[in-house]
Amino acid sequence: MADVEQNAAVPDGSSNESDAVNGTVGRFVSSAEGTALAYGSLLLMALLPIFFGALRSVGCSKNKNASDMPETITSRDAARFPIIASCTLFGLYLFFKIFSQEYINLLLSMYFFVLGILALSHTMSPFMCRVFPANVPNKQYQLLFTQGSGESKEEIVNYEFDTKDLICLGISSVVGVWYVLKKHWIANNLFGLAFALNGVELLHLNNVSTGCILLGGLFVYDVFWVFGTNVMVTVAKSFEAPIKLVFPQDLLEKGLDASNFAMLGLGDIVIPGIFIALLLRFDVSLKKNTRTYFYTSFLAYIFGLGLTIFVMHTFKHAQPALLYLVPACIGFPVLLALFKGELTEMFSYESSDEVLPHTPRLTHFPTVSGSPASLANSMQSFGLSTPRRRRHTPSDM
């Protein structure tokens with residue numbers, strides 16, 4: 001999980017010690033204003049997918065369309081996630097050590113090109129539904145690919161979409177081509193924001209205990225791989241994919257062609273974000289017309305990320321953001337619940353009670369099926385979701 005980072009550049013073009021939060025590498029700029037603008041922009045970009053993703057997760061949990069159901073993370077999934085993440089991280093480290101970085105990043109670019117188009121299309125779809133002219137026919141389409149024949153016929157791709165989906169996919173494809181050809185930081189951020197928002201919206205923790213297990217495990221994972229080894233830094237420096245948000249510190253000097261970036265990894269947005277979204281759904285379940293726990297955890301996230309940036313900037317050393325975000329995002333709401341006498345109610349709340357009884361879990365490898373929303377959802381589970389087929393009446397996602 002690469003986070004906010006920077007690397008001090010000296011006038012002769014050489015660089016000093018890397019100062020990456022969770023291990024990616026950028027550079028200091030001489031302008032204090034540029035550095036403040038970069039950090040402030042990263043903080044704002046981190047808050048947007050958490051806020052809007054959490055709001056959309058409430059509607060997602062109440063959606064009775066099986067194709068748009070969220071993926072539920074159980075305590076078992078949460079306990080083994082840090083192990084899976086560690087194996088993946090170390091595997092990437094070995095790949096970059098053994099094979100050519102250029103070819104690996106080419107394959108990753110193609111993969112994230114497809115995944116990014118689907119994620120951005122899903123992100124845009126609610127807006128497209130509002131602006132799509134009522135007098136324009138909204139035609140339905142289906143892309144079907146099967147294997148075998150007769151009774152043994154098996155669906156490999158069953159992809160249904162309409163005109164609005166097609167427009168979203170077209171716009172997203174333009175951004176995808178821009179990213180692949182130019183690797184421009186704006187295109188990277190569009191994909192990164194879409195990934196983060198989709199993650200917060202579509203990945204649901206089933207209860208607060210599961211959230212504590214997940215965040216606690218990744219807290220240890222983050223601290224170990226940043227402070228204990230150079231694996232996180234090496235992978236983050238080598239990995240070229242929209243898995244982080246970036247903002248140039250030399251924007252004031254060079255404009256859109258700036259290249260001196262501060263960065264924030266998507267893991268440090270999505271992981272706390274799905275916990276914050278869970279607390280929003282808990283607020284809704286209380287039926288008190290307040291969002292106390294949501295706003296408390298949201299402010300705790302701001303505090304934790306701000307503290308991360310401050311420590312990194314002060315000590316000029318890589319910092320695991322979850323070291324600061326996890327205690328803040330868990331501690332503040334728990335203390336509030338303890339003060340209000342609702343601690344038992346908070347930990348007994350089950351998010352899965354509000355959705356269909358057969359909510360898919362993150363356990364099986366998916367087939368490619370459904371609308372742009374459900375397909376992006378399946379792909380974003382990185383091979384851990386259950387296949388879902390869509391009814392013949394397409395939804396607007």
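Where is Lys 183 found? Lys 183 is found in the loop between α4 (163–182) and α5. The structure is a predicted model, in which local features need pLDDT of at least 70 and side-chain atom pairs count only at pLDDT 80 or more, while totals for chains, interfaces and linings use all residues. Residues are numbered from 1 along each chain as its sequence is written, and side-chain values use heavy atoms, with hydrogens and water left out.

**The chain as a whole**

- The chain contains 13 helices and nine strands; these elements are DSSP runs numbered from the N terminus, with helices being H or I of at least four residues and strands being E of at least two.
- The chain has 397 residues, of which 53% count as buried; buried means under 20% relative accessible area, exposed means over 50%, and partly exposed lies in between (1.4 Å probe, protein chains only).
- Among contacts in the chain with a separation of 6 or more, 74% involve residues 24 or more positions apart; a contact means heavy atoms within 4.5 Å.

**Annotated spans**

- The unreviewed UniProt entry gives the annotation "transmembrane region" to residues 36–58, 78–96, 102–120, 208–227, 261–280, 292–315 and 321–339; UniProt positions are given in the numbering used here, feature names are shortened, and annotations may be inferred rather than shown by experiment.
- Residues 36–58 are 100% helix and 0% strand, and the end C-alpha atoms of this span lie 34 Å apart.
- Residues 102–120 are likewise 100% helix and 0% strand, with end C-alpha atoms 26 Å apart.

**The second largest pocket**

- The second largest pocket holds about 340 Å³ of space. Of the 15 residues that line this pocket, the closest to its centre are Lys 183, Phe 239, Glu 240, Lys 244 and Met 263.
- On a 1 Å grid over the protein atoms alone, a cavity is a set of points where a 1.4 Å probe fits but cannot get out, whereas a pocket is an open set with protein on both sides within 12 Å along at least five of seven lines; lining residues have an atom within 4 Å of a point. Grid points are joined across faces, edges and corners, and a volume is the space filled by probe spheres set on the points.
- At least two lining residues each come from α5 (185–202), α7 (231–238), β7 (244–248) and β8 (261–265). The largest share, three residues, comes from α7.
- The lining comprises eight nonpolar, three polar and four charged residues; Ala, Val, Leu, Ile, Met, Phe, Trp, Tyr, Cys and Pro count as nonpolar, Asp, Glu, Lys and Arg as charged, and the others, Gly among them, as polar.

**Two lysines in loops**

- Lys 183 has a positive phi of about 50° although it is not a glycine, and Lys 183 counts as partly exposed because its relative accessibility is 33%.
- Lys 287 lies in the loop between α9 (267–286) and α10 (292–315). Phi of Lys 287 is also positive, near 55°, and this residue counts as exposed because its relative accessibility is 71%.

**Pairs of residues from separate parts of the chain**

- Leu 299 lies in helix α10 and is exposed, with a relative accessible area of 55%. The C-alpha atoms of Leu 299 and Ala 328 are separated by 9.0 Å, although the two residues are 29 residues apart along the chain.
- Gly 170 belongs to helix α4 and counts as partly exposed at 33% relative accessibility. Gly 170 and Ile 117 are 53 residues apart along the chain, and their C-alpha atoms are separated by 8.7 Å.
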